[in-house]
Each structure stands twice: as structure tokens, then as C-alpha cells.
Amino acid sequence: MKLERELSLEIVRVTELAALASAPWTGLGDKNNADEAATEAMREMFDSVSMKGTVVIGEGEMDESPMLYIGEQVGTGQGPELDVAVDPLEGTELVAKGFNNAMSVIAVANKGNLLHAPDMYMEKLAVGPALAGKLSLIDPIDVTLRKASQLLSKPLHELTVTILDRTRHQRIIEQVRELGVRIKFLTAGDVAGAIAPAFPEAGVDMYIGSGGAPEGVLAAAALRCLSGELQGRLMPEDSLQEQRCLSMGLTDPRKLLTMEDMIGNGDVIFAATGVTPSDFLNGVRYLPNQRAETYSMVMRAQTKTIRFIHSIHDLAMKPYLQKQMQEQFTS
């Protein structure tokens, strides 16, 4: 079944409302309320989208945050049957601290195509079109970087990788620096970080290291639309996490996951709206007279079309947001 072209713009309306709902929490130090605001707004707007959607990837449980839970039905119940992956607020900590790279994200594909990724860490290698299909996550990091240097015709000291600034990455960081490769650290924002190599303006050649598995599937959906690639490998930490992988249909929890494993071979639609600025999307900005502007992108794998959407919203005409703002600042 083909994904309907009109679905792309309907999905953007969902990420826009989630971004607008969470943006007022920027810099207030309350990631849970910011996340809840985005989640409830996303759920509200999904009710108007013509599809029979099933959430196969919901919000991250690692943060003990409110969720659009796995198995939840979204949409009007009319239209195509779809797998839905969501992160209403990717980068909750970023919003709480007023940092860059937070956004609202959705990916949809025909039923049965998106990996039911358990909420655990995933080792990842993400690249843009120039390196897609030419590197392997299985290789040691020094081999990968030397191959990338040759393929891009760049000396090692001109390569830039992005990685989450975490203690678990200390050995990788040391290896990268021993080769003289530049590192662009991320405080959070796993999806934006993995997508960045596909945007020349980001100045990043690849994303390495580990992050959330659900975010890996979302990034893989975006990279399919951008002709990039993400390879992954789950990192279960104990027998309970291994059992969870098995219960979700992953017979080999530690196998190398390809793009096909994560998002299938069919069409995929990916949409994101910036909450705070990133390398490729501006964040929500408030204007006079109760207006706000949003910056979104929506992409479709089948056509490789990338649309950037700049919208001006009259907040007085959005009763859901008016009610939410009143509750937020009068409670």
C-alpha cells in the first residue's frame, strides 16, 4: 500500500502542535512537564489524522516520562494501516536547560515495517550519502575513520564526528583523538545528532557511539529519506533486557541491524519540528500579537523529496494551546 501524499502534511501538523506545546517550558528546568505537554498535544492532534496507526515506538522509558505507549492506536481509524514511531520531545533535558537540538519527531511506514525497538542502548554508526553503504559498524573505530578519510578524500584531521558526551564513550573518544579527528559533542539530542551527517551545513561526517534504540529507528527513517545510512546493534545490559528483545521478536539481540531491519524496504515518511534551534531546523519563536513561528521538515523515502516548512501560528486560534498555557502558569 502506498502512503498517501497528503499524509506528509498531516503528520507535520502533529509535530508542530507538540513543539508549540513544549516550547513554553524552555529553560524552566522541568523536563517532565515539557515532555508531558508535547505528548498530550501530539495525542490530541493525532485524533484528526486519517489513518489506522499503531505506535510501535513510543517515548523513552529510560527517562520515566509520560508516553504514547507501544500498541496505542492513533488516528481516526480510517485510512491506511501504519506503524508509527514517535518522540514528542526528543531532547527533554535540552528544553529544560534551554539548549539547542530539541525537536518533535514522527516516522510512519506501512504496517509491519518499523522495528519494535526495545528501550535500551544501541550502538550506532550514522553517515550521509557519500559514505552510505561503504562502512561497517563491525569494524574498529580507527579502521572506520581511515576508510572514511579515503572515501571522502579528506585528511583525518579534517574529519568531524559527533558523539554523545557520556562517560561510556571515553575509550572511543580517546581513539578518535589519537587519530587527530575532530569531535562535536552532543549533550543530548540523539536523533538530531544521527541525522546531522546528511546535512552538509552541519559540518559533520558521521555519528558514532551509543544512544537510545528507539531514537535509532527514528534516525534511520530520516536517513532513508536523505539517502544516508544508520547501522545499529542493541546493547542489552542484563538477562531481563535480553528477554525483552526476544519477547519483541528479536531472536538475536546483538545482531548487526541494517536499515532494512529497522525500517523495512517500503516507503517511509519522517517529520520533525524544531523546539530549540539545531543545525538544520530553527526552534519555536514567539512573535507579537499572540503569534509563534515554527520550522519543520517532512521527507518521504519514495520520492526523496525534502520539504522545509516555515509556519506562522495565531495562538489565539488554537484553543488547546490556550487551555494548556492557562493551566501551566496558573497552577
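User: Let's start with charges. Which side chain meets Glu 293 in a salt bridge?
Analyst: That's Arg 285, with 2.4 Å from N to O. Keep in mind that this is a predicted model.

User: How many salt bridges does the structure hold?
Analyst: There are 17 of them. One of these joins the side chains of Arg 43 and Glu 72, at 2.8 Å from N to O. Arg 43 sits in helix α2 (residues 31–46) and Glu 72 in the loop between β1 (52–57) and β2 (73–74), so this pair ties together parts that are 29 residues apart in sequence.

User: And how covered up are those two, what's the relative accessibility of Glu 72?
Analyst: Glu 72 comes in at 8%, which counts as buried. Arg 43 is partly exposed, with a relative accessible area of 21%.

User: What does Lys 124 pair with?
Analyst: The side chain of Lys 124 meets that of Asp 190 in a salt bridge, 2.4 Å from N to O. That pair links distant parts of the chain: Lys 124 is in strand β5 (residues 121–127) and Asp 190 in helix α6 (residues 190–195), 66 residues apart. Lys 124 is buried at 2% relative accessibility, and Asp 190 is buried too, at 6%.

User: Which residues are linked with Lys 31 in a network of salt bridges?
Analyst: Glu 93 and Lys 97.

User: OK, switching to the greasy bits. Which residues touch the most other members in the largest nonpolar core?
Analyst: Ile 195, Leu 230, Met 262, Ile 263 and Phe 270, out of 50 residues in that core. Helix α7 (residues 213–225) gives the largest share, 9 residues.

User: What is Phe 270 in contact with, leaving aside its neighbours within four places in sequence?
Analyst: Quite a list, including Val 105, Ile 106, Val 191, Ile 195, Leu 218, Cys 225 and Met 299. Apart from this core lies another one of 43 residues, among them Ile 11, Val 14, Ala 23 and Ala 37.

User: Back to α7. How many of its residues are buried?
Analyst: 13 of its 13, so α7 is mostly covered by the under-20% cut-off. From first C-alpha to last, α7 reaches 19 Å, close to the 18 Å expected. It's followed by Ser 227, whose phi is positive, near 65 degrees.

User: You mentioned Cys 225. How many disulfides are there?
Analyst: The structure holds 0. Cys 225 is buried at 2% relative accessible area, and Cys 245 is buried at 0%.

User: Last topic, aromatics. How many pairs do you count?
Analyst: The count comes to 2 aromatic pairs. The rings of Phe 199 and Phe 280 have centres 4.5 Å apart and planes at 10 degrees, so they are stacked. Those two are 81 residues apart.

User: And how do Phe 199 and Phe 308 sit, stacked or edge-to-face?
Analyst: Edge-to-face, with 6.5 Å centre to centre and 70 degrees between the planes. Phe 199 lies in the loop between α6 and β8 and Phe 308 in strand β13 (residues 305–314), so the pair ties together parts that are 109 residues apart in sequence.

User: Which residues form the aromatic cluster, then?
Analyst: Phe 199, Phe 280 and Phe 308 form one cluster. Phe 199 is buried at 5% and Phe 280 at 8%, whereas Phe 308 is partly exposed at 47%.

Notes:
Residues are numbered from 1 along each chain as its sequence is written. This is a predicted model: local features need pLDDT of at least 70, side-chain atom pairs count only at pLDDT 80 or more; totals for chains, interfaces and linings use all residues. Side-chain values use heavy atoms; hydrogens and water are left out. A salt bridge is a side-chain nitrogen of Lys or Arg within 4 Å of a carboxyl oxygen of Asp or Glu. Helices (H or I, at least four residues) and strands (E, at least two) are DSSP runs, numbered from the N terminus. Buried means under 20% relative accessible area, exposed over 50%, partly exposed in between (1.4 Å probe, protein chains only). A nonpolar core is a set of buried Ala, Val, Leu, Ile, Met, Phe, Trp, Tyr and Cys residues joined through side-chain atoms within 4.5 Å. Contact means heavy atoms within 4.5 Å. A disulfide is a pair of cysteine sulfur atoms within 2.5 Å. The expected span of a helix is 1.5 Å times one less than its number of residues. Rings of Phe, Tyr and Trp (its six-membered ring) pair if their centres lie within 6.5 Å; planes under 30 degrees apart count as stacked, over 60 as edge-to-face and the rest as tilted.
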